[in-house]
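Please have the sequence and the model open while reading.

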Amino acid sequence: MVMTQLEYITEEDILQSRPSSATEPLKPLRDAKNAFEKNYLISLLQACKGNVSDAAELAGKYRADFYSLLNKHNLNAADFRNTE
């Protein structure tokens, strides 16, 4: 929320209200979405120890669709399987 006594909000008011902890510039939406999606897939694969069926179920996706997402982000489920 921007606090001002003026009748209108300026661009500077909005930019000043941005959290100072944001050190890196904002990405375009497509890039931000892709980064989130890849990190989400990695988290799912780690949680499911590379089991694609379980990861797809958690994501609410069909296995075939999940494999398409893995390919899109150059991820290999086998890399997340435990070798113990």
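A residue counts as buried when its relative accessible area is under 20%, and as exposed when that area is over 50%. E37 has a relative accessibility of 16%, so E37 counts as buried. The model discussed here is a predicted one.

**Overall make-up**

The chain has 4 helices and 0 strands. From the N terminus, the order of elements is α-α-α-α. The chain holds 84 residues, and 20% of them are buried. Take the contacts between residues at least 6 apart in sequence: 44% of these join residues at least 24 apart.

**The salt bridge**

How many salt bridges does a search of the whole structure find? The search finds 1. The partners are K72 and E37, whose side chains meet at 2.9 Å, N to O. K72 lies in helix 4 and E37 in helix 2, so the pair ties together parts that are 35 residues apart in sequence.

The two partners can be taken in turn. E37 sits in helix 2, which spans residues 29-47. Its 16% relative accessibility puts E37 in the buried class. K72 has a relative accessible area of 45%, so K72 is partly exposed. Beyond its neighbours within four places in sequence, E37 is in contact with L69, K72 and H73.

Helix 4 (residues 63-72) takes part in both pairs described below. The table sets out their geometry.

| Helix pair | Axis distance | Angle |
|---|---|---|
| Helix 2 and helix 4 | 10 Å | about 120° |
| Helix 3 and helix 4 | within 9 Å | roughly 95° |

**Helix 2 on helix 4**

Helix 2 and helix 4 pack at about 120°, their axes 10 Å apart. Helix 2 is therefore oblique to helix 4. The crossing of this pair is left-handed. Helix 2 brings N34, E37, L41, L44 and L45 to the contact, and helix 4 brings F66, L69, L70 and K72. By class, the residues of this contact divide into 6 nonpolar, 1 polar and 2 charged. Both salt-bridge partners, K72 and E37, are listed in this contact.

**Helix 3 on helix 4**

Helix 3 covers residues 52-59, and its axis comes within 9 Å of the axis of helix 4. The two axes cross at roughly 95°. Angles from 65 to 115 degrees count as roughly perpendicular, so helix 3 is roughly perpendicular to helix 4.

Which residues of helix 3 meet helix 4? They are V52, S53, A55, A56 and A59. On the helix 4 side, R63, F66, Y67 and L70 take part. The contact of helix 3 with helix 4 has 7 nonpolar, 1 polar and 1 charged residues.

F66 and L70 of helix 4 meet residues of helix 3. F66 and L70 also meet residues of helix 2.

**The loop between helix 3 and helix 4**

Y62 has its place in the loop between helix 3 and helix 4. Is Y62 buried or exposed? Its relative accessibility is 66%, so Y62 counts as exposed. Y62 and V52 are 10 residues apart along the chain, and their C-alpha atoms are separated by 9.9 Å.

Definitions and conventions. Residues numbered from 1 in each chain as written. Predicted model: local features only at pLDDT ≥ 70, side-chain atom pairs only at ≥ 80, totals over all residues. Heavy atoms only, no water. Helix = DSSP H or I, 4+ residues; strand = E, 2+ residues; numbered from the N terminus. Buried < 20%, exposed > 50% of the residue type's maximum accessible area, 1.4 Å probe, protein only. Contact = heavy atoms within 4.5 Å. Salt bridge = Lys/Arg side-chain N within 4 Å of Asp/Glu carboxyl O. Axes fitted to C-alpha atoms, helices over the stretch in contact; angles between N-to-C directions. Parallel < 35°, antiparallel > 145°, perpendicular 65-115°, else oblique. Nonpolar A, V, L, I, M, F, W, Y, C, P; charged D, E, K, R; others polar. Left-handed = near helix turned anticlockwise from the far one by under 90°.
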